[in-house]
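Student: I have a model open on my screen and some labels I'd like to understand. Can we talk through where they come from?

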Amino acid sequence: MDFAKYFPIWDKLTPSQQARILDVSHPLKAKAGTVLHNGSMDCLGLLLIRSGQLRVYTLSQEGREVTLYRLFEMDICLFSASCVMPNVQFEVVIEAEKYCDLWVIPSCLFKNFMDESAPVASYINSLITSRFSEVMWLMEQIMWKSFDKRLAGFLLEESQLEGSDTLKLTHEKIANHMGTAREVVTRMLRYFQGEGMVTLTRGTIQITDPKALQSLTE
């Protein structure tokens with residue numbers, strides 16, 4: 001296991017700590033759609049993403065979803081080990097958005113490293129700060145930015161992630177990402193289509209004028 005490549009502070013660990021990680025960490029593969037953590041499951045452990053894409057989202061009391069952020073190759077997922085961070089009260093769902101090849105560092109070992117290693121504790125605290133900054137940015141977008149601008153930005157982000165102007169997305173899935181109702185998404189996409197920005201077919205959105213979408217986000 002090439003942890004030196006995927007664990008950013010590998011060289012800050014002692015040889016003994018490195019050996020312990022290699023001894024107890026294990027691989028985990030997850031198909032797209034697999035829920036790895038939902039806030040009520042047992043603490044899974046720290047996840048290192050070797051390949052794939054994770055979606056981290058939260059649920060309202062009514063069951064409405066909103067995507068908080070995504071994680072990609074070489075990212076580290078902290079909140080799958082939130083049970084060992086008692087000061088972090090943050091209920092999230094972690095789902096494999098694409099097929100994932102992961103490494104799992106058990107929660108107990110992760111906690112020990114945070115207790116005994118200043119570099120590890122510092123790094124984890126910086127990650128927590130970064131993730132909360134992403135969430136606060138999202139909340140600002142939801143509160144202060146109109147939905148047409150948010151949707152235009154979402155479509156452009158998806159296009160960049162997929163490397164294509166043809167997006168295999170249902171209106172329901174977009175609504176789940178953005179924390180709104182499917183009907184709201186449908187109305188806005190139809191408006192975009194009327195303006196020549198997209199073409200809609202069943203289960204597919206074709207971006208036809210990315211410059212217009214970009215102008216809308218600005």
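Predicted model: local features only at pLDDT ≥ 70, side-chain atom pairs only at ≥ 80, totals over all residues.

Student: What makes E8 and strand E9 a pair?

Tutor: Pairing takes at least two bridges. E8 and strand E9 (residues 204-207) have four bridges, in the antiparallel sense, so by that cut-off they pair.

Student: Why are strand E7 and strand E8 called edge strands?

Tutor: The open sheet has the order E7-E9-E8, with antiparallel pairing. Strand E7 (166-167) and strand E8 (198-201) each pair on one side only. Helix H7 (residues 182-194) lies across E8 and E9, at about 125° to E8.

Student: Why is alanine 30 called buried?

Tutor: Buried means under 20% relative accessible area. Alanine 30 has 3%, so it is buried. Its place is in strand E1 (residues 26-30), and beyond its neighbours within four places in sequence it is in contact with Leu36, Ala96, Lys98, Tyr99 and Cys100.

Student: Which residues touch the most other members of the largest nonpolar core?

Tutor: Phe7, Leu48, Leu54 and Leu78, out of 45 residues. Elements giving two or more residues to this core include helix H1 (3-6), strand E3 (46-59) and helix H4 (118-144). Apart from it lies another core, of 22 residues, Phe154 and Met178 among them.

Student: What does leucine 48 touch?

Tutor: Not counting residues up to four places away in sequence, leucine 48 touches Phe3, Tyr6, Phe7, Asp75, Ile76, Asp101, Leu102, Trp103 and Ile105.

Definitions and conventions:
Residues numbered from 1 in each chain as written. Heavy atoms only, no water. Core = buried A, V, L, I, M, F, W, Y, C linked by side-chain atoms within 4.5 Å. Buried < 20%, exposed > 50% of the residue type's maximum accessible area, 1.4 Å probe, protein only. Contact = heavy atoms within 4.5 Å. Axes fitted to C-alpha atoms, helices over the stretch in contact; angles between N-to-C directions.
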